[in-house]
Structure formats: C-alpha cells, structure tokens
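Please look through the model below.

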Amino acid sequence: AKGMATGATPATESNSGMKSRRAAAPLLLLWLASCGHVPEPSPVPEVFRAVDRLPDWELTLLRKDGGEEKVRLSALGGEVVLLWFYAPWSRPCLQEAPALESGFWQTYRTRRLVVVGLGLKETTESVRKFQDDQRITFRVGRDLGAALFNSFRQEGVPLHVLLDADRNILLVSCGFDEALLTAKIREALGE
C-alpha cells in the first residue's frame, strides 16, 4: 500500500482485533495478579451477592488445641463478621494478613467485629502454619472444596465478605481496599 512502511500490513478488522486483545492482555494479567489465586469452579446451589442474606453456613474452624470444630455463622457472636478467603501461598494474601490482624481485628474486636480467615482447599496443617507464620490471632479455618467461596462467583483471592449480625451481605470485594473496608465496617458498627 502506498505510504506504508516496508513489512507493515494494512489494518484489517482481524488485525485491529488482535491489537486490541494484545493491548488488553496486560490489564487482564494485572487484574489476575491483584486477585491472586483462581480456584477451580465447583457446583453450588446458589449465587450470593451484596444485599443478599447468607444462609447460616457451617464453617470448619481450628481450635486452640489443634483440632477442628464446626461453627455456624450465627454462633460467631459478632455484630459484624468479616470473612476473609485466602490462599497461604498467595502474595496478596501474605501482604494483607498483617493489616487484617492489626488494622481490623485488633482495632475493632472490642466493638464487636469478628474476623474469620478461611483457607481455600487447604489442610488443617497448612492453615495452622499460615496462622502461626503470620501471627494471626483471629479465627481461621478451611473452606473445604471452596464451596462457600464459589457461592460468591468471584475469581480470586483475597476475597472479603462483610456481614451484619443478621448475615446480610454488606460487601463482597476481591483484592484489598483498606479504605473501603474500613468505611464499610465503621458504617456497619454505627460509627
């Protein structure tokens, strides 16, 4: 074509489509990296979103003696519950753990915030090691088969789900937005 550099090809519909996909690829990779782990899909009966009420799900939590216990969401006893879904090998989860411990759990626990960390498809030993390595004092457990996680239809961890005392879903957020999470917690606590 006249005026075209040697070796260049005219922009065709398929060529420009390829260019836009190439341009979008770094954005997709950045988004996936910010959310960390992408778990395998598994069938679940419902999809939960913000403004829905979460059923009284039974959680598998670690006890201080090293064993596990089944605890219903309603038995956690907080006015506000923050469920944190994580993978112990995920860099974003490792970076976020200290902020959840000091910035949220230690700051708001006397104001009736309960924080629960749920490792996706993890063994009891890997959850305990993560808790010890990260010096986490809030409750941790396992989301066996990632069933609860998958009910939110999110694509990565860390995932935060904020619930009020009646298990109404106030926030579902992939990635760590400290300002948003703080604002939603304070609003839920009436501060």
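Predicted model: local features only at pLDDT ≥ 70, side-chain atom pairs only at ≥ 80, totals over all residues.

Numbering runs from 1 along each chain as its sequence is written, and side-chain values use heavy atoms, with hydrogens and water left out.

Start with helices α2 (residues 91-108) and α5 (residues 178-188). Helices (H or I, at least four residues) and strands (E, at least two) are DSSP runs, numbered from the N terminus. The axes of α2 and α5 come within 12 Å and cross at roughly 10°. Axes are lines fitted to C-alpha atoms, for helices over the stretch in contact, and angles run from 0 to 180 degrees between N-to-C directions. α2 and α5 are therefore roughly parallel (angles under 35 degrees) to each other. In α2, L100, F104 and Y108 make contact (heavy atoms within 4.5 Å) with E178, L181, T182, I185 and R186 of α5. By class, this contact has five nonpolar, one polar and two charged residues. Ala, Val, Leu, Ile, Met, Phe, Trp, Tyr, Cys and Pro count as nonpolar; Asp, Glu, Lys and Arg count as charged; the others, Gly among them, count as polar.

Next come the salt bridges (a side-chain nitrogen of Lys or Arg within 4 Å of a carboxyl oxygen of Asp or Glu). The whole structure has seven. One of them pairs E68 with R142, with the closest N and O atoms 2.6 Å apart. E68 sits in strand β2 (residues 68-72) and R142 in strand β5, so the pair ties together parts 74 residues apart in sequence.

The lining has 13 residues, and L62, K64, T137, F138 and R139 lie nearest the centre. Seven lining residues are nonpolar, two polar and four charged.

Finally, check the backbone. Most residues other than glycine have a negative phi, and most peptide bonds are trans. R135, in the loop between α3 and β5, has a positive phi near 55°. A cis peptide bond joins V157 and P158, with omega about 0°. P158 lies in the loop between α4 (147-151) and β6 (159-164).

Technical notes. 1 Å grid on protein atoms, 1.4 Å probe; cavity = no way out; pocket = protein on both sides within 12 Å on 5 of 7 lines; lining within 4 Å. Parallel < 35°, antiparallel > 145°, perpendicular 65-115°, else oblique.
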